[in-house]
Amino acid sequence: MKLDNTRALQSYQIIRFLAVFTIGMAMVKLSLPQAQVGQYEVVLFIASLLTTFWITGIIQALLPMTSSSVSRDSGSKRPEIFCALVVVVALTLVSALLLLVFKNLIGQLAGVANFPYFKQTILYIMLSTPTLLIEYIYLIENQPRKMIAYGLIAYSLQVAMVVLPLLVDVRVELCIFGLIGISAIRMVWLLVVVRRYAELKIDRKFMFDFIAKSTPLSLKYLVSSSGLYIDQLIISAYYDSSTFAAYRFGAREIPLITILTVGLSNSMLVEFGVKEHIGDTLERLRRESLKLMHILFPLSVVAIILSKPLFPVIFSSDYLQSANIFMLYALLVTSRTIFPQTVTMGFQQNRFALLASTLEMVLNIALSLIFIQLFGIEGVALATVVVYLFEKVLLAGYNGRRLGIHPAEYIPMKPYTAYCTLTIATYLLIRFV
């Protein structure tokens, strides 16, 4: 199979997931105390809390604003990349400053008011956040092999620099400094990549347009990411801590689904930058989504079938209720495998994308409060499934009416309908029969 940008970005995301998973497993196997593992996770959590929503918005606004590199003269450089870097660096400094000034408040929100590694977290944010552009610069420049090479080298080094120090001394400080060290190496890599592909000048027209288009997307991800926390607040308001834990253990998506669908969506955004090839781009999105359906729907069906027997074995019999939550979360495949949001953002209709996410959040709160009365904690998970699908239907309707693009142009309707029917039927059979 030819290595294209989509396969490369999906592979890169899998490499990153495996590295993070390996680090977690290694910490446990090397007997790092659970409290110290938690401190390492807090560093990542605080950094993600302050940066993920806006860096996601910036990246997804940037991709369709850059045309495919095959349409450009060989050797030419992009001022767009440098402009994006300037914005990212500025917001990174703002995020670090917010943590410095409001560390007590942020610590309370994260549940770690006396966290001893705030300074290291600030340094990690400053070094790591801008480097999230690297893989997308390779994507923009149509360099899939370089993206894979970067992922293999960077994440192999990350595993080594975080885990190997534990062989000398089992202290979380060494892991955190290893994380900072690999971030510094990535920063050097970023500077080399920017020098290679970016024209070092500020394009004011592009900059204003870029900020205007990335702002609603950043707000969109801030709104949409709040859904999980709202669900947890609702659960904690109605139930005790043991029920809350059961929900948390079950409310997990299958990682491969998120990795492959996000990779496809982001990689396709670049192709929307070439307006004269929109028909081909939509057809390719349709083909690629069908390929994912052939993988992810059977995976979800198997996960639904195995969840009840496996959850008590992996955790304990106390977490059998978590299996019911997990089965509902497996139904998110029905919304993950269609990509109207890619079309909406590809045509840079970012304000409507923000509106759709806001409506999704409001509906999520309303349905969660209603369904929890009818179905218990499973009602909150069911509300999540419903509102995710609602957002996709809303975006598909907008694409049809506003952009004149029928859903069948980028969604393989018959296979999708058949797979949804099979998956939902499997859920109903396993859950109630």
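Guide: Let's begin with a term: a helix here is a DSSP run of H or I with at least four residues, and helices are numbered from the N terminus. Please keep in mind that this is a predicted model.

Visitor: Where is Gln 348 placed, in a helix or in a loop?

Guide: Helix H16 covers 340-346 and helix H17 covers 350-375, and Gln 348 sits in the loop between them. Its phi is near 60 degrees, a positive value in a residue other than glycine.

Visitor: Why is Asn 142 called partly exposed?

Guide: Buried means under 20% relative accessible area and exposed means over 50%, with partly exposed in between. Asn 142 has 33% relative accessibility, so it counts as partly exposed.

Visitor: Let's step back to the whole chain. How many helices and strands does it have?

Guide: The chain has 19 helices and zero strands.

Visitor: How do you know that the buried residues of H19 line one face of the helix?

Guide: First, the residues themselves: Tyr 416, Tyr 419, Cys 420, Thr 423, Thr 426 and Tyr 427 are the buried residues of H19. Seen down the helix axis, they fall within an arc of 130 degrees, so they line one face. An α-helix has 3.6 residues a turn, so residues three or four places apart point the same way. On the other side of H19, the residues Lys 414, Thr 421, Leu 429 and Phe 432 are exposed. The cover over the buried residues of H19 includes helices H13, H14, H15 and H18.

Visitor: How far does H19 reach?

Guide: H19 has 20 residues (413-432) and reaches 28 Å from its first C-alpha to its last, close to the 28 Å expected at 1.5 Å a residue.

Visitor: Why is H12 called largely enclosed?

Guide: Twelve of the 17 residues of H12 are buried, so the rest of the structure largely encloses this helix. Among them are Ile 257, Ile 259, Leu 260 and Val 270. The buried residues of H12 pack against H1, H2, H6, H13, H15 and H16.

Visitor: What makes Gln 13 a buried residue?

Guide: Gln 13 has 8% relative accessibility, and buried means under 20%, so it counts as buried. This residue lies in helix H1 (residues 5-29). Leaving aside its neighbours within four places in sequence, Gln 13 is in contact with Tyr 136 and Ile 259.

Visitor: Why is Leu 127 called buried?

Guide: Its relative accessible area is 19%, and the cut-off is under 20%, so Leu 127 is buried. Leu 127 belongs to helix H5 (residues 118-128). Beyond its neighbours within four places in sequence, Leu 127 is in contact with Ile 180, Ser 183, Ala 184 and Met 187.

Visitor: And what about Leu 395, buried or exposed?

Guide: Leu 395 has a relative accessible area of 1%, so it is buried. Leu 395 lies in helix H18. Apart from neighbours within four places in sequence, its contacts include Pro 340, Phe 352 and Ala 356.

Visitor: How many disulfides does a search of the whole structure find?

Guide: The search finds zero disulfides. A pair of cysteine sulfur atoms would have to lie within 2.5 Å to count as one.

Notes: Residues numbered from 1 in each chain as written. Predicted model: local features only at pLDDT ≥ 70, side-chain atom pairs only at ≥ 80, totals over all residues. Heavy atoms only, no water. Buried < 20%, exposed > 50% of the residue type's maximum accessible area, 1.4 Å probe, protein only. Helix = DSSP H or I, 4+ residues; strand = E, 2+ residues; numbered from the N terminus. Expected span 1.5 Å × (residues − 1). Arc of directions from axis to C-beta. Contact = heavy atoms within 4.5 Å.
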